[in-house]
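This report describes how parts of one predicted chain fold pack against each other.

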Amino acid sequence: MESTRNRLIKLLNQEDNYISGQQLSDHLNISRTAVWKHMKELEKDGYEVEAVQRKGYRIIASPDKTSENTIHWGLSTSWIGHQLHHYEEVDSTQDIVHQLAKQGKPHGTVVVADEQIKGKGRMSRPWHSPKGKGIWMSILLRPELSPVQAPQITLLAATVLAKVITSQSQLIPFIKWPNDILINHKKVSGILTEMQAEHDQIQYVAIGIGINLNQSAEEIPVDIRHKASSLRAESKEEWNITSTIQEILKQFESTYDQYAAEGFNYVKEIWETYGYKIGEKVTISTMRRTWEATLVGIEPDGALIARDSEGKREKLYSAEIQWGEGGYDAK
Ligand code: BTX
């Protein structure tokens, strides 16, 4: 059910059309006083509402700050992000989404924060998440999949981010297996997937997405500057956080629906077109040996497939890959 606030925003935002207080109260089925209170709230959120006598009201400027309202407004999805929780500051959006999942919140619930104090990467590594500089977001999914298929969702999320970056800029993103997004060999985004499963059934999956949007090169911490960047540093353009979140949610929903209908091959094909060093030679070191291989693609269980010089294919799960010259090697 759409909130009164959202319906109010939509009514006020009809191009060139003013709408009277009475019409708003009739449409929304609330009193004139309630309409007025909502208007005040909108102004607090940063909307500018123009009031013209005998004509009515309309929105002339919407805020550039991120909030539940600004994300909702103009979000044309059917199941993702309808339940949306925005925070100015959290330890980690993953912690919050786990709590919400345990409270029974639905498939498609989204948590967004302006800043994370304890943003986390894989294997408890830290994820730098400075205030207002990027997208720090978690999505709750309740897929009907077996736990072994969970890596497919991570791969899917990476294709979504690559598609959004491609559609919004001239940048050329690559997905470094399994789930880093690189631009010019530097990481601009990471994905953390955490899963709760029982009796061979996924209860829920929490997909954490971090994207560096507007840090300048100097704002990237010194210790990772050689291997990390932001979309702004690479594109030389400012990125709008709210509209990029909307774009990701829209693209996520359509990719997920298509995947649910067609299966993993749909994701595999897109992933491989963006795959970093796919079709190229790299050096691989496993516990047993070090060898030269050509990267071929991905498997339904999330493994990376490599082919050795004799044409023998091998599945890699957590091999150390030396990505080669100009490549991304650091952890
Ligand atoms: P990862 O383990 O692949 O990457 C973590 C590593 O990346 C760190 O050890 C560091 O070297 C480097 N790093 C740290 N911060 C950044 C950054 N901002 N940009 C580029 N490189 C960085 C990747 O883990 C998964 C990251 C998921 C982050 C999201 S944000 C929303 C959600 N909440 C949360 O706590 N985590 C996820």
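In the predicted model, Gln152, Leu155, Leu156, Ala158, Thr159, Ala162, Lys163 and Thr166 of α6 meet Phe264, Tyr266, Val267, Ile270, Trp271 and Tyr274 of α9; contact means heavy atoms within 4.5 Å. These residues divide into 10 nonpolar, three polar and one charged. Ala, Val, Leu, Ile, Met, Phe, Trp, Tyr, Cys and Pro count as nonpolar, Asp, Glu, Lys and Arg as charged, and the others, Gly among them, as polar.

Two packed helices are described by the angle between their axes and the distance between the axes. For α6 and α9 (residues 264-274), the axes come within 9 Å and cross at roughly 50°. The two helices are therefore oblique to each other (under 35 degrees is roughly parallel, over 145 roughly antiparallel, 65 to 115 roughly perpendicular, the rest oblique). Axes are lines fitted to C-alpha atoms, for helices over the stretch in contact, and angles run from 0 to 180 degrees between N-to-C directions. Helices (H or I, at least four residues) and strands (E, at least two) are DSSP runs, numbered from the N terminus.

Residues are numbered from 1 along each chain as its sequence is written. Local features need pLDDT of at least 70, side-chain atom pairs count only at pLDDT 80 or more, totals for chains, interfaces and linings use all residues, and side-chain values use heavy atoms, with hydrogens and water left out.

Seven strands form an open sheet with mixed pairing, in the order β3-β4-β5-β9-β8-β7-β6; strands pair if DSSP finds at least two bridges between them. β3 (84-90) and β6 (174-176) stand at the edges with a single partner strand each, so one side of each has no neighbour in the sheet. Neighbouring strands are turned by 20° against each other on average, direction ignored. Helix α6 (residues 150-168) packs on this sheet, touching β5, β6, β7, β8 and β9, and its direction makes about 150° with that of β8.

A second open sheet has five strands in the order β13-β12-β11-β10-β14, with antiparallel pairing. Its twist averages 45° from one strand to the next.

| Strand pair | Sense | Bridges |
|---|---|---|
| β4 (residues 110-116) and β5 (residues 134-141) | antiparallel | four bridges |
| β10 (residues 281-285) and β14 | antiparallel | three bridges |

Val112 has Met137 in β5 as its bridge partner, and Ser285 stands opposite Glu320 in β14.

Asn179 lies in the loop between β6 and β7. At 2% relative accessibility, Asn179 counts as buried (under 20% relative accessible area; exposed is over 50%, partly exposed in between; 1.4 Å probe, protein chains only).
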